[in-house]
Structure formats: C-alpha cells, structure tokens
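Have the viewer open and follow along.

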Amino acid sequence: MIKFGSVAGAAVVLWLLLFYFMDKKLYFHPGVQWGVLPIYALAMYLACRSEARQTTELYAWQPALRTAFGTFVVTHLIAHVFYFVLLKFIDPGMINLQAEVLSEGLESSKNILGEENAWKMKDQYKAEDFIPTFQKSAFAFAFGLIGGFVMALAVAWTTYGKSGFSKGK
C-alpha cells in the first residue's frame, strides 16, 4: 500500500511538474488537476491486486477497501505536500497566477453563472486567499479524502471476491 502510494505520489508530482515547466498557467487547468485521478485509481488497483495475489483465499471486502484507501491517502499526502511546498517556498508567484486563472474561469462562465453572480464571485476572491497555510492545506487534504474514499469503494468493489485476479495465479 505504501509502496504503490509512494510511486503514484511521485507520478502525480511528475505529471504536475510537466505542466508547470511547459506553462505555469496550464498547471491550474482543470484537465491537468483532474488528470491525476487515473494515476490514483491505477495505484489503488495495483495495490489491491498485489495484496490479493499474496493470499490463497478469496480477497475480502475489508482488506480491499483498506488497501485502496490507504494507497489513496499516501498518494494524496505526497501531492498535497508538493503543492504546499511549490506555492509556499519554491514559486510564491504562482499564487497570483492561480487567482488570475480563477478570474478568467469565472469570466468565461458568465453565461452559466450569470453576469452578476460571476462579478460577485470575482470580487469575493483575492490573491491572498490562495496563500497556502498549514490549516488551509490540512483542510484541503481532509476534504479530498472524501472523494478518495468514494474512489476506494469503487476500486474495492471491482477487486474483492477474487483470488489473485487470475485463475492461473
């Protein structure tokens, strides 16, 4: 679980660094941010598969969920520490860029949000709001665990009840 989570965490960091070095603005693109989910899911699946291969019995539901969620937690922790260090120490200028990207996103969403709501939301956010603090990062990490648990449920559901995931083992 820790091995797969660590490798996945490194893959997430490399994925994000790729876009950071290509174009810092791309780093905050929703497609890039959501693009880490397949890495998380694959790591959770491989961790469950590895654990299932180590048992001679059918892979039970609880170990599957524990392994998948544990892998998510390790990966998620690495990703959040990277984000915190990047914006707090390595490139604090990214804070202003993040606020700019949000503002542009709200501007382009006027049709959906309504012009008045878009302006209210724009006025509500300032660049200072994006300064990473330990409390904000801890809250974001904890909030992300909710989605991670849902992903872990899905992975556990697809992996439990099988023995090593193959008949030949």
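## Ground rules

This is a predicted model, so local features need pLDDT of at least 70 and side-chain atom pairs count only at pLDDT 80 or more, while totals for chains, interfaces and linings use all residues. Residues are numbered from 1 along each chain as its sequence is written, and side-chain values use heavy atoms, with hydrogens and water left out.

## Overall layout

The protein has nine helices and zero strands. Helices here are DSSP runs of H or I with at least four residues, strands are runs of E with at least two, and numbering starts at the N terminus. Along its principal axes, the C-alpha trace spans about 60 × 35 × 30 Å.

## α1 against α4

Start with α1 (residues 2-22) and α4 (residues 37-53), which pack at an angle of about 165° with their axes 9 Å apart. Axes are lines fitted to C-alpha atoms, for helices over the stretch in contact, and angles run from 0 to 180 degrees between N-to-C directions. That's why α1 and α4 are roughly antiparallel to each other (over 145 degrees counts as roughly antiparallel, under 35 as roughly parallel, 65 to 115 as roughly perpendicular and the rest as oblique).

From α1, the contact uses Phe4, Ala8, Ala11, Val12 and Trp15, and from α4 it uses Ile39, Tyr40, Ala43, Leu46, Ala47 and Ser50; contact means heavy atoms within 4.5 Å. By class, the contact of α1 with α4 has 10 nonpolar residues, one polar and no charged. Ala, Val, Leu, Ile, Met, Phe, Trp, Tyr, Cys and Pro count as nonpolar, Asp, Glu, Lys and Arg as charged, and the others, Gly among them, as polar.

## α4 against α9

The axes of α4 and α9 come within 10 Å and cross at roughly 40°, so these two helices are oblique to each other. On the α4 side you'll find Leu37, Tyr40, Ala41, Met44, Tyr45 and Cys48, and on the α9 side Met151, Ala152, Val155 and Thr159. The contact of α4 with α9 splits into nine nonpolar residues, one polar and no charged. Notice that Tyr40 of α4 is in the contact with α1 and in the one with α9.

## α5 against α6

Which way do α5 and α6 lie relative to each other? Their axes come within 8 Å and cross at roughly 110°, so α5 and α6 are roughly perpendicular. Tyr83, Leu86 and Leu87 in α5 meet Met94, Ile95 and Gln98 in α6. Of the residues in this contact of α5 with α6, five are nonpolar, one is polar and none is charged.

## The largest pocket

The largest pocket has a volume of about 1400 Å³. On a 1 Å grid over the protein atoms alone, a cavity is a set of points where a 1.4 Å probe fits but cannot get out, and a pocket is an open set with protein on both sides within 12 Å along at least five of seven lines; lining residues have an atom within 4 Å of a point. The volume is the space filled by probe spheres set on the points, with grid points joined across faces, edges and corners.

Of the 36 lining residues, Gln33, His80, Tyr83, Gln98 and Ala140 are the closest to the centre of the largest pocket. The largest share of the lining, nine residues, comes from α9. By class, the lining has 22 nonpolar, 10 polar and four charged residues.
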